[in-house]
Amino acid sequence: MQVISREYIEAIASNINAYGGQTLAAIASVLIAEILRDCYHIAGHYWKPLQPWHNLHHKAYRADLSKVSMEIYRQAELFNDVPEAIFMVSASAAIAGIGYGYGLWAMAFGCIYALGFLIMALARSQGWLLATDITHKEGALVQLPSQWTVNRTYHWRHHFDRGEAYFCSTFTLVDQILGTALSLKGKNIAITGASGSMGRALIAQLSKRGAKMIALTSSPNAVFNLGDTEGSTKKKEIEVICWQMGKESELRDRLQKVDILILNHGVNVRAARDSQSIYQSYEVNTFSVARWMDLFLETVTESKHIATKEIWVNTSEAEVNPALSPLYEMSKRAIGDLVTLRRLDAPCTIRKLILGPFKSELNPYGIMSASFVAWAIAFLAQRGFRNIIVTINPLTFILYPIKEFMRSLYFRIFSRRQN
Ligand SMILES: [Zn+2]
Ligand SMILES: [Zn+2]
C-alpha cells in the first residue's frame, strides 16, 4: 500500500495557496481596471482637454436613453469610449507588468478584460455592433438605483440628474469614496419635525450641500432663519409649511415636487404608561410616519421618480437598543419594522436613520451634538448607505444589521406583494 508522503501534502497545499493568490490577483486586476475607467470618466468632466470628447457621450442620449442619432453615438464611441478603453488597457498592462515581477501573472486578466471593452467600443464606433452596454439600454426605468454595482437607474442619474456625481460604471466604490453616490445639490428636500434640534441641524447641513429645504412643522410659531446656517455666507430661502397630525393628506399636492422626504418627527413620553400615552406614542411615531410614507410613495408616478425620489425615516437606535423609555422603543420598533416591510417592494429608495442619543429638547443628556449627527447623516447618505447608523454605541453596528437582515428575511418569506 502506498503511503501519502508529507512532501506530497505540502506540495498540494502550496499549490492551493498559489492558485488562491492568483485568483485574488485576477479579481483585484478587474477591480483596478474599473477604477481606472472611473478615473478617466472623472477626468472627462474636470480636465479641459478631455471635456469636449466626453461631452459627446452625454449628447448621444435622450432621457429615455434612446440614441439622439446614430452619427453622434458612433462619434461618442470613437472619441470617448475608445480612448477610455485604450487608457484602461495600457494602465492595466503597466500594473500587470509590476504584478508579474512579484510572480502574480494573473494580474494580466485585468488587461484582457479591458481589451474586451476596447474591441466592443471600436465595433460600436464602426457601426458593426448596434447593442449598447446594459447601463445605456433604452426604455423606462424599472429597478431602484443599486448600491454596490451600477445598474441602469444608477447611471441614468449621471446623465439626467447630476453630471457631477454618479461617475462609476460597474462598481460604486469610487463614488462611495468621493461621496458622489448621491447628489443633494438642487434637490427639493422636505423634512418633518423641522423645528426640533435634529430638524434644524439637518436643514442647515443639507442646505449647505445645495439642497432646497422645505420645513414641515406642526408648531405654527416656529421660526426658521437660515441666515444662521453654519458656514454659509448668503442668506438662503426656506419654505415653511404647517401640518397637523392626521391631516397629512392635505399636503399631497406639495409632495409631488419633493425629491426627498425626511420623516423625522417624534414624541417621547418617557416613563408614562397610561392609555393616552400609548395611543399618542403610536400615533406620532408609527402611524403618522406610515401615512406620510404612503402619501409620498403615491407621488412616484414617472420613470425618473424611481431614480430621484427617496424617503429617509428616522427610526432611531431604539430599534435595537433600550432607550430607557418603553413606549418610545415600542413605537419606534414598530415603524422600523414597517419600513423594513415596505422596502421589500417600494417604488423608490427608502433609507433608515439609526441615530444614537444626541443633545436635544427631548434628551438634554445626549452625548453627540445634533449638528455632528446631521453632518454624519449627509456624509453617509452621499456615500450611498441605505441604513445610516450614527451612534457612539458599538453594539448598534453589530445588532442592527443582524436584526434588519433577519426581519427582512422573515418578511420576505411570510408576506406577498399584492398584484
Ligand atoms: Zn453614460
Ligand atoms: Zn459623464
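This is a predicted model: local features need pLDDT of at least 70, side-chain atom pairs count only at pLDDT 80 or more; totals for chains, interfaces and linings use all residues.
**Helices α9 and α11**

Helix α9 spans residues 275-297 and helix α11 spans residues 326-343. They pack at an angle of about 20 degrees, with 9 Å between their axes. Because angles under 35 degrees count as roughly parallel, α9 is roughly parallel to α11. On the α9 side, the contact involves Ser277, Ile278, Ser281, Tyr282, Asn285, Thr286, Val289, Ala290 and Met293. From α11 come Leu327, Tyr328, Ser331, Lys332, Ala334, Ile335, Leu338 and Arg342. Sorted by class, the residues of this contact are 10 nonpolar, 5 polar and 2 charged.

**Two domains**

The domain assignment gives domain 1 as residues 6-136 and domain 2 as residues 188-414. Taken over C-alpha atoms, the centres of domain 1 and domain 2 are separated by 40 Å.

**Helices α3, α4 and α1**

Next comes helix α4, which packs with both α3 and α1. Helix α3 covers residues 70-101 and α4 covers residues 108-125. Their angle is about 165 degrees, and angles over 145 degrees count as roughly antiparallel, so α3 and α4 are roughly antiparallel to each other. The crossing of this pair is left-handed.

The α3 face of the contact includes Arg74, Glu77, Leu78, Asp81 and Val82, and also Ala93 and Ala96. Among its partners in α4 are Ala108, Gly110, Cys111, Ala114, Leu115 and Phe117, as well as Arg124 and Ser125. Here the classes are 16 nonpolar, 3 polar and 4 charged residues.

Helix α1, residues 6-46, meets α4 at an angle of about 45 degrees, with the axes 7 Å apart. That makes α1 oblique to α4. The crossing of α1 and α4 is right-handed. In α1, the contact is made by Ala26, Ser29, Val30, Ile32 and Ala33, while α4 contributes Phe109, Gly110, Tyr113 and Ala114. This contact has 7 nonpolar residues, 2 polar ones and no charged ones.

| Helix pair | Angle | Axis distance |
|---|---|---|
| α9 and α11 | about 20 degrees | 9 Å |
| α3 and α4 | about 165 degrees | 8 Å |
| α1 and α4 | about 45 degrees | 7 Å |

**An annotated segment**

What does the UniProt annotation say about residues 104-123? The unreviewed entry marks them as "transmembrane region". In the model, this stretch is 80% helix and 0% strand. Its end C-alpha atoms lie 31 Å apart.

Methods: Residues are numbered from 1 along each chain as its sequence is written. Chains are lettered from A and ligands numbered from 1 in the order in which they are written. Axes are lines fitted to C-alpha atoms, for helices over the stretch in contact, and angles run from 0 to 180 degrees between N-to-C directions. Helices (H or I, at least four residues) and strands (E, at least two) are DSSP runs, numbered from the N terminus. Angles under 35 degrees count as roughly parallel, over 145 as roughly antiparallel, 65 to 115 as roughly perpendicular and the rest as oblique. Two residues are in contact if their C-beta atoms, placed from the backbone, lie within 7 Å. Ala, Val, Leu, Ile, Met, Phe, Trp, Tyr, Cys and Pro count as nonpolar, Asp, Glu, Lys and Arg as charged, and the others, Gly among them, as polar. Domain bounds come from an automatic or database domain assignment. UniProt positions are given in the numbering used here, feature names are shortened, and annotations may be inferred rather than shown by experiment. A crossing is left-handed if the near helix is turned anticlockwise from the far one by less than a right angle, and right-handed if clockwise.
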